[in-house]
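Biologist: I would like to learn how to read a structure. Can we go through one together, feature by feature?

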Amino acid sequence: MEKVISTNKLTKKFGNFIAVDSIEFEVEKGEIFGFLGANGAGKTTAMRMLCGLSRPTSGSGMVAGFDIASQQEDIKKNIGYMSQKFALYDDLKVWENLRLFGGIYGMKKKEIEDKTAQILQELGFEKERNTLAKLLPLGWKQKLAFSVSIFHEPKIVFLDEPTGGVDPVTRRRFWELIYRAVQRGITVFVTTHYMDEAEYCNRVSIMVDGKIEVLDTPKNLKAAFNAANMDDVFQQLARKATRINN
Amino acid sequence: MKAIQVNNICLNYGKLAILKEISFEVERGEIFGLIGADGAGKTSLFRILTTLLLADSGSAMVEGFDVVCDYKQIRKHVGYMPERFSLYQDLTVEENLNFFASVFNTSVKENYYLIEDIYRQIEPFKNRRAGQLSGGMKQKLALSCALIHKPSVLFLDEPTTGVDPVSRKEFWGMLKKLKQQGIAILVSTPYMDEVSMCDRIAFIQRGKILTVNMPQKIIADFPHKIYSVESNNSYEILKQLRRNSAVRSVFSFGDTLHVIFNSKSEIQNEKNNIQFKEISPTVEDCFMILMEESN
């Protein structure tokens with residue numbers, strides 16, 4: 001099985017503070033991998049290293065076939081990224097956002113045009129082609145932002161709490177888009193505070209105090225912790241945290 | 001006298017209706033949840049009830065005071081934790097708390113007992129600037145600041161958004177204690193799993209209240225039979241069921257699918273190896289069906 005992510009004792013220190021403590025894990029092609037942890041457990045720092053935005057203090061890792069310490073620019077070209085905080089330019093129209101990101105990733109003009117038409121049709125957004133991104137309802141923005149993040153057909157897409165603030169139907173429709181992307185072979189790495197979404201992942205890891213405390217399928221984790229759901233598993237593990245960051 | 005009384009509140013921005021005839025009441029010592037997505041109108045309603053925004057029509061009373069005529073009285077009696085971080089980033093934890101106490105002509109010492117449980121957890125960082133705190137700590141400081149003048153009504157606008165499940169649970173534990181002191185709490189949240197922590201809730205969607213009731217009553221009133229399907233290949237089965245005209249709705253719920261049929265008899269036709277198990281609905285199922293019916 002092709003590995004899209006693999007890390008070896010990946011560590012990040014800020015002064016004496018060990019934000020990410022020697023984590024080791026692998027993500028396979030086409031997998032939905034849930035990356036969970038309490039606020040301050042080290043998720044964001046780890047994710048920044050995987051995306052080529054921050055250099056590890058020690059240890060190593062490969063993402064999409066490139067080394068996270070020495071080939072950061074190659075990584076950026078081969079991954080997609082979406083976060084709740086930033087994903088689209090508000091003052092650009094829907095099609096302009098797609099063109100901008102397509103351009104940044106070096107796609108050809110024709111390719112951008114074709115893909116734009118295809119995505120707008122798939123999302124049922126044809127009428128919103130010329131709408132400013134800021135005028136879209138939040139649920140639509142999230143769908144568009146996800147489509148933008150995989151516009152250049154990356155090997156893997158990183159989703160940082162992609163579904164905050166929307167109603168339960170919209171949230172589920174969003175996950176159906178994720179499944180569709182996975183069927184095309186895109187690997188999904190996702191963080192979330194919704195524990196029911198953790199169950200949609202093939203495997204999840206839970207970080208506590210900078211370390212990956214557990215990593216398995218939701219089913220196995222629930223069995224191991226004798227828990228009814230993933231929230232139970234999470235509560236049992238995250239309560240062990242000794243780092244003061246809540 | 002009710003702690004909060006809202007009668008037919010309407011609010012428009014231009015042609016857009018933000019709030020449509022909103023009415024409900026909150027009792028003393030009650031935790032009342034306002035449940036809805038971003039853009040449903042929750043924040044506008046909070047701003048009207050905390051006298052920061054005028055409604056176009058309708059009326060509202062907080063602790064017996066009118067939100068328009070008696071706004072000065074209301075401001076003395078309520079605590080408000082807005083959605084966006086409301087603290088002074090360049091003041092330390094302790095300075096923020098002292099500041100809010102002094103604005104209300106009181107001292108931290110006088111009402112310390114009320115915030116003690118919460119504040120004790122952030123006290124080790126009292127000399128840290130508020131801007132340097134983590135999300136969970138900011139949330140605790142903001143709640144302390146909203147409580148320091150001993151309000152009788154507390155308005156909390158999405159206090160747990162973006163906060164991890166452990167901190168969220170802790171936060172709700174704190175609210176329960178405050179409720180026992182007789183404080184009325186109006187709290188909004190997008191997390192359905194927090195609904196069970198409320199005494200009563202209102203589902204709000206696009207400016208309209210869909211229902212107001214106790215969570216367990218909302219579940220008991222669910223008008224349909226609901227079935228769960230377990231499978232290792234949920235997405236394929238979901239697509240298959242979506243194509244079936246006998247299926248009214250199907251959505252993922254954790255590791256299962258929840259299915260509602262158009263009519264009971266049709267279930268027999270939908271067997272091909274899919275096992276349907278009748279279950280009791282969750283609050284989220286109820287919200288989803290109410291949303292659909294209001295569309």
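Biologist: What should the 16 residues of helix H6 (residues 165-180) of chain B span at 1.5 Å a residue?

Modeller: First, some ground rules. This is a predicted model, where local features need pLDDT of at least 70, side-chain atom pairs count only at pLDDT 80 or more, and totals for chains, interfaces and linings use all residues. Residues are numbered from 1 along each chain as its sequence is written, while chains are lettered from A and ligands numbered from 1 in the order in which they are written. Helices (H or I, at least four residues) and strands (E, at least two) are DSSP runs, numbered from the N terminus. The expected span of a helix is 1.5 Å times one less than its number of residues. For H6(B) that should be 22 Å, and the end C-alpha atoms are 23 Å apart, which agrees.

Biologist: Which residues of H6(B) are buried?

Modeller: A residue is buried if 20 or more other C-beta atoms, placed from the backbone, lie within 10 Å of its own. An α-helix has 3.6 residues a turn, so residues three or four places apart point the same way. In H6(B), the buried residues include Arg168(B), Phe171(B), Leu175(B) and Leu178(B). After the helix comes Gly182(B), with a positive phi near 90 degrees.

Biologist: How do the axes of helix H4 (residues 112-119) of chain B and H5(B) cross?

Modeller: Axes are lines fitted to C-alpha atoms, for helices over the stretch in contact, and angles run from 0 to 180 degrees between N-to-C directions. These two axes come within 10 Å and cross at roughly 175 degrees. That makes H4(B) roughly antiparallel to H5(B) (angles over 145 degrees count so). Contact means C-beta atoms, placed from the backbone, within 7 Å. On the H4(B) side, Leu114(B), Ile115(B), Ile118(B) and Tyr119(B) take part; they meet Lys140(B), Leu143(B), Ser144(B) and Leu147(B) of H5(B).

Biologist: Now a sheet. What is the strand order in the open sheet of chain A?

Modeller: Strands pair if DSSP finds at least two bridges between them. The order is E7-E8-E9-E4-E10-E11, 6 strands with mixed pairing. At the edges are E7 (79-83) and E11 (211-216) of chain A, each pairing on one side only. The twist averages 15 degrees from one strand to the next.

Biologist: In which sense do strands E4 and E10 of chain A pair?

Modeller: Parallel, over 5 bridges. Gly37(A), for one, has Met207(A) as its bridge partner in E10(A).

Biologist: How many residues of chain B are in contact with chain A?

Modeller: 28 residues of chain B, in contact with 30 of chain A.

Definitions and conventions: A residue is buried if 20 or more other C-beta atoms lie within 10 Å of its own, exposed if 12 or fewer, and partly exposed in between; C-beta atoms are placed from the backbone. Angles under 35 degrees count as roughly parallel, over 145 as roughly antiparallel, 65 to 115 as roughly perpendicular and the rest as oblique. Two residues are in contact if their C-beta atoms, placed from the backbone, lie within 7 Å.
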